[in-house]
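Keep the sequence and the 3D view open while reading.

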Amino acid sequence: MKVHEYQAKAVLKSHGIPVPHGGLARTAEEAKQIARDLGGAVVVKAQIHAGGRGKGGGVKLARDPQEAYRHSSNIIGMDLITHQTGPGGQKVKQVWIEEATDINRELYLGIVLDRAQSRLVIMASQAGGMDIEEVAAKTPEKILKEAVDPGAGLQPFQARRLAFGLGLEGDGLKQGVQLITALHKAYVATDCALAEINPLVVTRQGDLVALDAKMNFDDNALSRHRDILQLRDTDEEDPLEVEASKYGLNYIKLDGEVGCMVNGAGLAMATMDIVKYAGCSPANFLDVGGGTNVERVQNAFRILMSDDDVKAVLINIFGGIVRCDLVAEGVVQALQGITVDIPVVVRLQGTNAEAGARILEGSGLKFRVARELKEAAEAVVEAVGGAPNP
Ligand code: GDP
Ligand code: MN
């Protein structure tokens, strides 16, 4: 789950990481009042779940409350386009107004889980502020890394090595070690999936401040973090993905034309591969999970059909825990309850597969029944009108 910058900053602050004072505004009038209360120059920052806002015109310096008003009225309501949003951008509904910081240097600090090492890796770089992906691609030697042993935890020498590497000295070095340690603690305590401070700045006075903050949380751990779950902003998420999550369905939007309804993540991957191999691309994948029943199939179908990009549907279910005849009945009932005006290819395999196929074929409904995965993929590609792969 992603959160906004201002929310991530609140989490970091509660773990002792210094962040600028600020307030959240939904209108330009509110922004002006916050700027007045803060006093002095402020920065107006668009709050959307995407980075690269600065380059897209979503971060503006304002010298006085009037200017804060002007920038806010321009930014609130705009479709902010960054390299992380789609081409249409993301509508800005709120701005974070914070006291301007006198910047001397912009650094980078982040933590991710490195699956290859099975460890958290803390990354630090003096090349902060800009696109860290670009730094990683062009000048990887500018990124320092420390892998944390999960048993021993982050060692003080590792935090010191990173802080030295950031070119910090004297009191700044001490602050750096504390901040790195605090970020690691915050990451573990909140079951983060990604934590990033870019830029982490050294002020003219020599102090460290987190000027930007990004935190993604592990969805599977949210049940034990109610406070974090409350930070969810579904306005920022794909509406169909939000709808699917209401029914416990895993739905992921992709950019092709074949809607895929599958049970199990592994089968979903295989299905997408073979659709691609047959000459088309998946428009999405929808995992109905293990215990498929009529209602789930029906909801899944409704969600698949609401995606305008879907030109044909491929239902690929393996009857392991569920029986294929029950799935077939579910599909038939689901199709009877809703209007489906695009081709549907169904492939059932596993327990009672034959009985399932007979139910489908005898239903009088218009869909193609396939026995093999390859045959199903080719049928759906043909239905879309795509060219088969040579
Ligand atoms: P992002 O573009 O979405 O990553 O947004 P950031 O919060 O990182 O802001 C982009 C850039 O705006 C930063 O790298 C800074 O250079 C600048 N910026 C942000 N806040 C301040 C501030 O308080 N003072 C000054 N002078 N610049 C700021
Ligand atoms: Mn940033």
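An oxygen atom of ligand 1 sits 3.2 Å from a polar backbone atom of Asn-198. Such a polar contact is a pair of N or O atoms within 3.5 Å; within protein, one must be able to donate a hydrogen and the other to accept it, and residues adjacent in sequence count only if both atoms are side-chain atoms. This is a predicted model: local features need pLDDT of at least 70, side-chain atom pairs count only at pLDDT 80 or more, and totals for chains, interfaces and linings use all residues. Residues are numbered from 1 along each chain as its sequence is written, chains are lettered from A and ligands numbered from 1 in the order in which they are written, and side-chain values use heavy atoms, with hydrogens and water left out.

| Residue | Part of the residue | Distance to an oxygen atom of ligand 1 |
|---|---|---|
| Gly-52 | polar backbone atom | 3.2 Å |
| Glu-106 | N or O atom in the side chain | 2.6 Å |
| Asn-198 | polar backbone atom | 3.2 Å |

Which residues come nearest to ligand 1? Of the 16 around it, they are Lys-45, Arg-53, Gly-54, Thr-101 and Glu-106. A residue counts as near if one of its heavy atoms lies within 4 Å of the molecule.

Helices (H or I, at least four residues) and strands (E, at least two) are DSSP runs, numbered from the N terminus.

Is Asn-198 buried or exposed? Asn-198 is buried, at 14% relative accessible area. Buried means under 20%, exposed over 50%, and partly exposed in between (1.4 Å probe, protein chains only).

The peptide bond from Asn-198 to Pro-199 is cis, with omega near 10°. Pro-199 belongs to strand β10.

**Backbone exceptions**

Most residues other than glycine have a negative phi, and most peptide bonds are trans. Ser-118 has a positive phi, near 55°. Ser-118 is in the loop between β7 (103-114) and β8 (119-125), and is exposed at 53% relative accessible area. Asn-352 also has a positive phi, about 60°. The loop between β17 (344-350) and α12 (353-361) holds Asn-352, which is partly exposed at 35%.

**Ring contacts**

How many aromatic pairs does the structure hold? It holds one. Tyr-6 and Trp-96 are stacked, 5.8 Å centre to centre, with 25° between the planes. Tyr-6 lies in helix α1 (residues 5-14) and Trp-96 in strand β6 (residues 95-99), so the pair ties together parts 90 residues apart in sequence. Rings of Phe, Tyr and Trp (its six-membered ring) pair if their centres lie within 6.5 Å; planes under 30 degrees apart count as stacked, over 60 as edge-to-face and the rest as tilted. Both Tyr-6 and Trp-96 are buried.

**Two helices**

Leu-179 lies in helix α6 (residues 170-189) and is buried, at 4% relative accessibility. Leu-179 touches Ile-17, Pro-18, Leu-109, Ile-197, Leu-200 and Leu-208, not counting residues up to four places away in sequence. Contact means heavy atoms within 4.5 Å.

In helix α8 (residues 239-246), the buried residues are Leu-240, Val-242, Glu-243 and Ala-244. Their cover includes β13 (250-253) and α10 (294-305). Asp-238 caps the N-terminal end of α8, with a side-chain oxygen 2.9 Å from the backbone nitrogen of Leu-240.

**The whole chain**

The protein chain has 13 helices and 18 strands. Buried residues make up 48% of its 390 residues. Its C-alpha atoms fill a box of roughly 80 × 50 × 45 Å along the principal axes.
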